[in-house]
Amino acid sequence: MFRNQYDTDVTTWSPAGRLFQVEYAMEAVKQGSAAIGLRSKTHVVLASVNKANSELSSHQKKIFKVDDHIGVAIAGLTADGRVLSRYMRSECINYSYSYESKLPVGRLVVQLADKAQVCTQRSWKRPYGVGLLVGGLDESGAHLYYNCPSGNYFEYQAFAIGSRSQAAKTYMERKFETFAESSRENLIKDALFALRETLQGEKLTSTICTVAVVGIGEAFHILDKETVQALINEFEIAGEEAPANEAAPEDQGGDAQPGGDVQPGAADQGPADEGVAPMDI
Amino acid sequence: MPIQQANWSPYDNNGGTCVAIAGSDYCVIAADTRMSTGYSILTRDYSKIIQLAEKSVMASSGFQADVRALQKVLEARHLTYQHQHNKQMSCPAMAQLLSNTLYYKRFFPYYSFNVLGGLDNEGKGCVFTYDAVGSYERVGYSSQGSGSTLIMPFLDNQLKSPSPLLLPAKDAVTPLSESEAVDLVKTCFASATERDIYTGDKLEILVLNATGVHREYMELRKD
């Protein structure tokens with residue numbers, strides 16, 4: 001994509017019928033560090049790579065809890081992501097207040113998409129430079145959506161955004177047919193595998209990634225570092241064998257503790273309330 | 001034509017009584033479950049108590065539609081607080097929020113007489129008592145509602161420090177044990193039920209302490 005005379009304003013069409021400012025905004029998403037999402041019939045897992053600018057600083061927050069039943073992972077301009085997360089939280093709270101029920105995920109993403117579209121049709125605005133992977137549960141099941149700066153949104157079984165996301169997508173393209181029936185543990189492991197693909201050789205540790213889960217009977221929460229590290233160790237010890245190759249019925253129902261590998265008392269299963277601050281995100 | 005006066009009121013009084021007592025490491029919050037209008041009973045099984053946060057429980061008597069609206073506003077505000085601060089609201093913080101929310105409608109008030117109970121930041125029991133427009137005070141015990149005129153003098157007799165001149169009443173906490181406080185509350189309601197027609201049916205008691213929240217029920221006279 002090269003500079004041209006039609007890319008100054010978002011309100012200027014190119015002769016080929018393109019809005020370059022919108023496309024440049026989507027480039028910003030590709031520059032951000034990777035975020036992936038996958039879903040089964042009962043759970044959605046979001047994971048992101050957290051690269052700190054320097055050893056001295058903390059990393060940027062890329063996964064946000066929006067409500068008990070919805071969470072979002074972002075890639076791109078994280079400031080824009082933070083603002084949109086605040087909007088999403090506010091919408092969920094207002095819906096709950098008015099209807100005393102949870103905002104369906106599909107409704108939220110449409111509102112988000114409409115908000116993004118406005119910024120593609122005002123000369124005094126710019127498009128949001130952030131891609132959002134919205135994962136949540138409602139009456140119609142588990143959902144994963146991708147909202148882009150253009151105002152489009154799509155539903156996915158699994159998706160990845162950000163830099164080197166293609167590697168994660170390739171991994172997930174091989175596996176996605178198993179995700180629907182996957183257990184919670186295997187879904188998380190697949191997320192970690194996919195995330196590892198984006199690191200291209202760099203060692204995956206819980207210090208550089210964040211994993212979050214939402215499921216039936218399980219409010220959206222971010223897994224703590226110990227749990228994530230234990231899961232990473234588990235599959236590395238197993239000789240990097242992809243979890244879907246193991247006996248699929250092994251962890252059916254999702255709530256069974258896999259062997260003794262995971263630390264006892266780790267907040268790996270069920271509601272997040274055991275020992276974790278409720279909005280600890 | 002003689003002068004006409006408005007005879008429609010936006011308010012109604014659904015009756016009921018609430019009590020709260022603060023202990024050194026616990027708090028007891030109780031309310032009856034009768035909901036009335038005029039001389040009729042609407043239901044014998046309506047809870048006036050809501051847990052707003054991990055360590056804050058509110059009991060409200062008065063106009064239950066306004067009570068429910070107030071509860072919803074506070075619940076939504078608490079969610080926002082959690083998103084912004086990454087933690088639950090403390091009881092003193094919730095107390096201030098309740099006061100501000102009530103005063104916000106100073107010129108069309110919530111017809112809600114509230115008592116907020118919970119644990120403060122040090123784990124000690126705390127009780128805050130309110131009027132309909134948000135005037136509040138931290139106290140060791142309080143009651144609100146139709147039976148409060150019967151219960152409050154009794155609590156004063158049992159719990160008030162003997163001489164405020166010798167012993168500073170600053171420490172707003174009762175020396176009773178948790179089970180003694182629960183028994184006292186049951187006694188209060190049994191007595192109030194005898195003489196207040198709007199109080200009765202069933203008593204709902206919530207005890208808040210370091211281990212969490214515990215709920216208990218006791219039958220009251222149904223006449």
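Trainee: Let's start with A:Arg3: does A:Arg3 count as buried or exposed?

Mentor: A:Arg3 counts as exposed, because its relative accessibility is 69%. The scale runs like this: buried is under 20% relative accessible area, exposed is over 50%, and partly exposed is in between, with a 1.4 Å probe and protein chains only. Before we go on, some ground rules: this is a predicted model, where local features need pLDDT of at least 70, side-chain atom pairs count only at pLDDT 80 or more, and totals for chains, interfaces and linings use all residues. Residues are numbered from 1 along each chain as its sequence is written, chains are lettered from A and ligands numbered from 1 in the order in which they are written, and side-chain values use heavy atoms, with hydrogens and water left out.

Trainee: Got it. Which residue forms a salt bridge with A:Arg3?

Mentor: The rule here asks for a side-chain nitrogen of Lys or Arg within 4 Å of a carboxyl oxygen of Asp or Glu. A:Arg3 pairs with A:Asp7, and their closest N and O atoms are 2.8 Å apart. A:Asp7 counts as buried, because its relative accessibility is 1%.

Trainee: What about B:Lys202 and B:Asp45, which meet in a salt bridge?

Mentor: Their N to O distance is 3.1 Å. B:Lys202 lies in strand E11 (residues 202-209) and B:Asp45 in the loop between E4 and E5 of chain B, so the pair ties together parts that are 157 residues apart in sequence. B:Lys202 counts as buried at 18% relative accessibility, while B:Asp45 counts as exposed at 54%.

Trainee: On to the interface. How much area do chain B and chain A bury between them?

Mentor: The size of an interface is often given as the accessible area lost when the parts come together. Here, buried area is the accessible area (1.4 Å probe) that two parts lose on being put together, summed over both. Chain B and chain A bury about 1100 Å², with 58% of it on carbon and sulfur atoms. B:Lys72, B:His83 and B:Asn86 supply 55% of the area that chain B buries against chain A, more than any other three residues. The contact, meaning heavy atoms within 4.5 Å, takes eleven residues from chain B and ten residues from chain A.

Trainee: How many salt bridges does the rule find across that interface?

Mentor: Two. One to look up is B:Lys72 with A:Glu100, where the closest N and O atoms are 3.0 Å apart.

Trainee: Now the core. Which residues touch the most other members of the largest nonpolar core?

Mentor: In soluble globular proteins, nonpolar side chains tend to be buried together. A nonpolar core here is a set of buried Ala, Val, Leu, Ile, Met, Phe, Trp, Tyr and Cys residues joined through side-chain atoms within 4.5 Å. The largest one has 30 residues, and A:Ile36, A:Leu38, A:Val45, A:Met172, A:Ile188, A:Leu192 and A:Val211 touch the most other members. H5(A) gives the most to this core, with eight residues. Leaving out residues up to four places away in sequence, A:Leu192 touches several residues, including A:Leu204, A:Val228 and A:Phe235.

Trainee: And where is A:Ser206?

Mentor: A:Ser206 sits in the loop between H5 and E9 of chain A, and counts as buried at 6% relative accessibility. Beyond its neighbours within four places in sequence, A:Ser206 is in contact with A:Lys225, A:Val228, A:Gln229 and A:Ile232.

Trainee: Last one: is A:Asp80 buried or exposed?

Mentor: Buried, with a relative accessible area of 9%. A:Asp80 is in helix H2 (residues 78-99) of chain A, and the C-alpha atoms of A:Asp80 and A:Tyr128 are separated by 6.1 Å, although these residues are 48 apart along the chain.

Notes: Helices (H or I, at least four residues) and strands (E, at least two) are DSSP runs, numbered from the N terminus.
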